[in-house]
Amino acid sequence: MKLTFLGATREVTGSNTLFETSGKKILFECGLFQGIKLAEERNYAPFAYDPKTIDFLLIGHAHLDHVGRIPKLVKEGFRGRIFSTAPSKEIARLVLEDSFKLMREEANREDKPLLYYEEDITASMNLFETIGFDEELEITNGIKITFKNSGHILGSASIVVKSENKTLFYSSDIGNSPSVLLDDHQTVESADYVICESTYGGRVHEDIGRRSEKLGEIINATIEKNGVLIIPTFAIERTQELLSDIEHFCKNASCALPTFYLDSPLGQKVTEVFQKYPQFLKKEIQSVNLQEFLGLSRVKMTATSEQSKEIEFAQNPKIIMAGSGMMNGGRILFHLQNYIEDPNNTLLIVGYQAQGTLGRRLLEGEEEIKIFGKSYQVGAKVMAIGSYSAHADAPQLLKWLQSIKNVKKVFLVHGESSQMMDLAKSVEEKLNLETAMPQQGEEYEL
């Protein structure tokens with residue numbers, strides 16, 4: 001029984017871990033590397049294993065850094081079985097199609113080869129099989145898997161693998177509780193080994209109870225200044241939570257102004273998946289009208305690039321939610337070009353910003369940025385609401401780990417070194433558990 005860590009090692013993206021057991025090869029996720037300068041080079045590099053030899057691919061959730069290289073895996077010979085929840089399968093298809101569109105535009109612009117082709121996405125989706133939460137499934141003789149709700153995004157799961165009389169528990173990403181839309185994350189009673197994310201392993205989030213109030217204050221300030229509020233949004237979960245909080249704000253205010261725009265075709269499509277799978281939402285909202293709960297009739301949806309461009313000519317005040325969430329591509333860049341220099345405007349960051357991304361640089365106070373090769377002075381106010389994070393913070397991660405009995409070793413992944421080291425210290429000192437922070441390519445015999 002062996003683990004090999006091949007992505008999200010002392011970094012936050014590129015999730016990819018190889019688990020060899022009972023004569024089979026199992027991958028936990030196959031995501032894109034993002035943000036850092038060498039990300040593209042690493043995405044194009046050959047896999048550290050022969051894709052033809054992989055028997056199973058287990059998907060915790062459908063963010064691009066967890067599923068983005070699946071079509072490349074298929075292109076290079078993988079023909080095994082892929083397991084995910086039903087919402088994750090649908091969202092993965094949307095995310096991969098959206099990513100391919102951007103990738104193709106960039107390839108044409110810069111005259112470089114594609115990472116994979118459209119037919120590789122189709123072939124990938126044909127390999128998916130869906131599984132519900134708490135359903136134990138024997139995927140081959142002697143290997144059983146169970147998906148547990150991780151509370152991160154719609155359909156997200158932590159994954160239990162039982163084999164050779166041992167239990168391995170892979171967290172994928174663990175959600176920030178409580179959530180407006182999702183039930184709290186689950187854990188297991190016991191496991192021999194745990195692979196745990198550490199994105200916010202050294203931080204404590206803001207009080208989630210003040211989130212709506214803080215958002216309301218920022219919207220009111222935008223109205224007073226007759227400005228523009230720009231919110232780079234992640235299409236999955238952050239967009240829907242923002243819509244819910246805006247609707248909550250509007251119930252207590254007239255909302256005659258400002259005008260709200262959701263300039264994210266992917267965000268709109270993902271919202272439809274939310275409406276399709278109410279059973280994966282928080283129990284108390286499963287029976288409500290999601291259209292009303294999210295205030296969709298209040299928001300102007302822009303599907304085409306022409307509609308997106310027309311936003312510039314709409315009168316202020318206005319709120320523009322657009323992808324991508326880390327500002328490393330997408331329609332948000334065009335809006336930043338129009339509004340980032342005006343001090344009456346506000347840029348509101350509501351999710352994790354990976355190292356090297358434009359979002360991270362703006363969050364850290366960069367005063368001059370480049371968009372499509374042109375320089376812009378940052379005049380707009382840059383703000384953040386940390387409680388919109390979809391990741392558990394340090395106290396939540398410790399509580400999650402503490403609830404698991406008989407753990408022999410914890411492997412930390414999906415976190416920058418500083419966050420990972422903070423969590424490792426806490427786990428060892430407070431929980432008395434042995435921890436490891438794998439390097440890229442490092443192997444462990446279990």
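In what order do the seven strands of the open sheet with mixed pairing stand? The order is 7-8-9-10-11-20-21, where helices (H or I, at least four residues) and strands (E, at least two) are DSSP runs numbered from the N terminus, and where two strands pair if DSSP finds at least two bridges between them. This is a predicted model, in which local features need pLDDT of at least 70 and side-chain atom pairs count only at pLDDT 80 or more, while totals for chains, interfaces and linings use all residues. Residues are numbered from 1 along each chain as its sequence is written, and side-chain values use heavy atoms, with hydrogens and water left out.

Strands of a sheet pair through backbone hydrogen bonds, either parallel or antiparallel. Strand 7 (137–140) and strand 21 stand at the edges of this sheet, and because each has a single partner strand, one side of each is left without a neighbour in the sheet. Strand 8 (residues 143–149) pairs with strand 9 (residues 157–163) in the antiparallel sense over seven bridges, and the bridge partner of lysine 148 is serine 158 in strand 9.

Elsewhere in the order, strand 11 (residues 193–197) runs parallel to strand 20 and is joined to it by five bridges, with valine 194 standing opposite valine 410 of strand 20. Strand 20 also pairs with strand 21 (residues 435–436), again in the parallel sense, over two bridges, and here valine 410 stands opposite threonine 435. Between strand 20 and strand 21 the chain passes through helix 14 (residues 417–430), and this β-α-β crossover is right-handed, a term that applies if, with the strands pointing away from the viewer, the path from the first strand over the helix to the second runs clockwise.

Is strand 20 mostly covered or mostly open? Five of the five residues of strand 20 (residues 409–413) are buried, buried meaning under 20% relative accessible area, exposed over 50% and partly exposed in between, with a 1.4 Å probe and protein chains only. In a regular strand the side chains alternate between the two faces of the sheet. In strand 20, Lys409, Phe411 and Val413 lie on one side and Val410 and Leu412 on the other, and both faces are covered.

Phenylalanine 411 is buried, with a relative accessible area of 1%, and tyrosine 444 counts as buried at 14%. Their ring centres are 4.9 Å apart and their planes stand at 70°, so the pair is edge-to-face; rings of Phe, Tyr and Trp (its six-membered ring) pair if their centres lie within 6.5 Å, and planes under 30 degrees apart count as stacked, over 60 as edge-to-face and the rest as tilted. Because phenylalanine 411 lies in strand 20 and tyrosine 444 in strand 22 (residues 443–445), the pair ties together parts that are 33 residues apart in sequence. Phe5, Phe411 and Tyr444 form one aromatic cluster.

The structure holds 13 aromatic pairs, and one of them, formed by tyrosine 200 and tyrosine 352, is edge-to-face with 5.8 Å centre to centre and 85° between the planes. Tyrosine 200 lies in the loop between strand 11 and helix 6 (211–225), and tyrosine 352 in the loop between strand 16 (346–349) and helix 12 (358–363), so this pair ties together parts that are 152 residues apart in sequence. Tyrosine 200 counts as buried at 8% relative accessibility, and tyrosine 352 at 9%.
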